Every structure is written in C-alpha cells, then in structure tokens.
Amino acid sequence: MKNWALTYSSETAYNYERLQALGQANAMVPVIRKLYPDNKERQVKELKKYFVFYNTEPSFVGTMIPGVATAMEEQRANGAEDITDETINSLRTGLMGPVAGIGDTVSQGIVYPILAGIACSLAIDGSYVGPLFFEIAYKICLIGFGWNMYRLGYQKGKSFILTMLREGTIARLTEIFSMVGLMVVGCMTASRVNIEIPLILNIRGVELNVQDQVINALMPGIVPLAITLMVYWLVRKKVNINLIILIIFVLGIGLSYLGVLGIPE
C-alpha cells in the first residue's frame, strides 16, 4: 500500500538527467525495508538500481510497473536466483514506453477532457460546483485506476504484461483509447467553439442568413472545426501558445467590432 501511494510522488524530484528515477526509488523504500529489515547495506544496494533513467505515465496505468517490480523484489528476496538487477530494470525500461502510451491517452485524452467539459459547462452556467466536481471526480478516477493497475501488476506479474505486449493488446488498447479521446475532443469542439457570422444577403428582397441557412444547413459545425484545425496547424508549426491565444483574442474582438463576427450570448 505504501509503495502504491508513494508512486504519486514520482515527479516530485523530477530532473532532466533521470526524470522520475528518484521518485520511483523513494516509492520502493518501504518494500526494500520490509524485505531486508536488518540489512542496511543490502537495502542500499537494492535501491541503487532504481536510480537509472525512468519515465512513464505515473498515476493512472503507470502504477502497474511498480506493482510488477514489487512482486519481482519479493520473489528475489525469497531466493529466485534468475531475477537480477538487470532483469528488473530491463522489464521496467521495456514497459515504461507502451504503458505511457496507454496512460497518457486515458488520463489526458479521455478522463481529463470529459470531466473538464462537464466542469466547464457547470462553471459557464454560474455554478461553483464545476471546479469542485472536476477536482473530486478526477482524483477518484486517478486513485481508482492507479490502485487497480497496481494490483494487476503485482498479482499477475511480468508474464501477464509481456503476454499483452507480444499479442499486441497494449497497441490495440492505445488505438481504442485514442479514438475515444478524439471523439470527445470533436464533440467539445462542436459544442464549445461558438462563432457567429452575422452576414445576411438580400437577394431580390429575400434575406438569406449565410451561417444559419447556408453554412449550417450544408455542414453544421464546419466553422468551429475550421478554427480548431487552424489552431492545431499553428501548434504543429511550433508557434508559441501565448501568441496563438493573443491572435485569437485580437481577431475575435477586432472582427466583432467590424461586424464580421458576432459575439455569442
């Protein structure tokens, strides 16, 4: 339990030489102390192997790796001679990339946008429950995912994880989660990027609202999509984020005063 709880401190000692290594070593301290209670030199020796470079998604799915490492440490302390320092570190290094792919997709591509979208909707309506809901719901998801993934790694061990890698299960899960995340972002784009084009054409005495009767009739949501894709293109071109935000503010305010864009109510 202490090992799992301390995995959330993986980035508290974050540095560009070893990234999450110091935090992971700190998380393994209770395990090593319990396995070698009366041997301080052995404790130091066992902890040193966790000072190698390590970087993954540490909170949602990444807790699986410390679970596997803990199970292997227990087997080693009980006399498993085939488990060496290199074995444990090779497994951790091999898993941290694929697990990061799933964990980042789940946390940043699905859970975060969905909860943030709900919270923003509540906040826009003037409810103070929005930010409270986000913080509480996100922490519940984080702890729930993290604990169950840790238990899965500890109970199933390295064989289960390696089987998933060989069969391509992790790759398929990553693709599925990515698709769900893109669907969520797409829905948020259509519902939250609100732009009005107050252009009305008068054709032989008949007024034609360009946005409502032409653009939205043919392809609803195309204007928010175009703006979103433009911002995405600027990000891909490595344009500074602050500059992009400034451009959006200037264009939005300027065009609204010129009557080219309306300010949504």
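Reader: Why is Lys49 called buried?

Author: The model is a predicted one. In it, Lys49 has a relative accessible area of 5%. Buried means under 20%, so Lys49 counts as buried.

Reader: What makes the pair of Glu46 and Lys49 a salt bridge?

Author: The closest N and O atoms of Glu46 and Lys49 are 2.5 Å apart. A salt bridge requires a side-chain nitrogen of Lys or Arg within 4 Å of a carboxyl oxygen of Asp or Glu, and the pair of Glu46 and Lys49 is accordingly listed as one.

Reader: How far apart in the helix are Arg42 and Glu46, and what makes their contact a salt bridge?

Author: Arg42 and Glu46 both lie in helix α3, four residues apart, which is about one turn of the helix. Their side chains meet at 2.6 Å, N to O, and the limit is 4 Å; the pair is therefore a salt bridge.

Reader: Which residues are linked in a network of salt bridges, and to how many salt bridges does the count come?

Author: The network links Arg42, Glu46, Lys49, Glu73, Arg76 and Asp85. The count of salt bridges comes to seven.

Reader: Why are α2 and α4 called roughly parallel?

Author: The axes of helix α2 (residues 21-35) and helix α4 (residues 64-77) cross at roughly 30° and come within 11 Å. Angles under 35 degrees count as roughly parallel, and α2 and α4 are therefore roughly parallel to each other. Their crossing is right-handed.

Reader: Which residues of α2 and α4 meet, and how are they divided by class?

Author: From α2, the residues in this contact are Gln24, Met28, Val31, Ile32 and Leu35; from α4, they are Pro66, Thr70, Glu73, Glu74 and Ala77. By class, the contact has six nonpolar, two polar and two charged residues.

Reader: At what angle do α2 and α3 pack, and which residues meet there?

Author: The angle between α2 and α3 is about 145°, and their axes are 10 Å apart. The crossing of α2 past α3 is right-handed. Ala25, Met28, Val29, Ile32 and Arg33 in α2 meet Gln43, Glu46 and Leu47 in α3. By class, this contact has five nonpolar, one polar and two charged residues.

Reader: How do you know whether Gln43 is buried or exposed, and what does Gln43 touch?

Author: Gln43 is placed in helix α3 (residues 40-48). Its relative accessibility is 7%, so Gln43 counts as buried. Not counting residues up to four places away in sequence, Gln43 touches Ile32, Arg33, Tyr36 and Pro37.

Reader: Is Gly23 buried or exposed, and which residues is Gly23 in contact with?

Author: Gly23, in helix α2, has 2% relative accessibility and therefore counts as buried. Leaving aside neighbours within four places in sequence, Gly23 is in contact with Leu6, Ser9 and Ser10. Gly23 and Leu6 are 17 residues apart in sequence and 8.0 Å apart in space, C-alpha to C-alpha.

Reader: What makes the phi of Leu19 and that of Lys238 worth a remark?

Author: Most residues other than glycine have a negative phi. Leu19 has a positive phi of about 55° although it is not a glycine, and Lys238 has a positive phi near 65°. Leu19 lies in the loop between α1 (2-6) and α2, whereas Lys238 is found in the loop between α9 (222-236) and α10 (241-258).

Reader: Is each of them buried or exposed, Leu19 and Lys238?

Author: Leu19 has a relative accessible area of 9% and is therefore buried. Lys238 has a relative accessible area of 74%; exposed means over 50%, so Lys238 is exposed.

Terms used. Residues numbered from 1 in each chain as written. Predicted model: local features only at pLDDT ≥ 70, side-chain atom pairs only at ≥ 80, totals over all residues. Heavy atoms only, no water. Axes fitted to C-alpha atoms, helices over the stretch in contact; angles between N-to-C directions. Helix = DSSP H or I, 4+ residues; strand = E, 2+ residues; numbered from the N terminus. Parallel < 35°, antiparallel > 145°, perpendicular 65-115°, else oblique. Left-handed = near helix turned anticlockwise from the far one by under 90°. Contact = heavy atoms within 4.5 Å. Nonpolar A, V, L, I, M, F, W, Y, C, P; charged D, E, K, R; others polar. Buried < 20%, exposed > 50% of the residue type's maximum accessible area, 1.4 Å probe, protein only.
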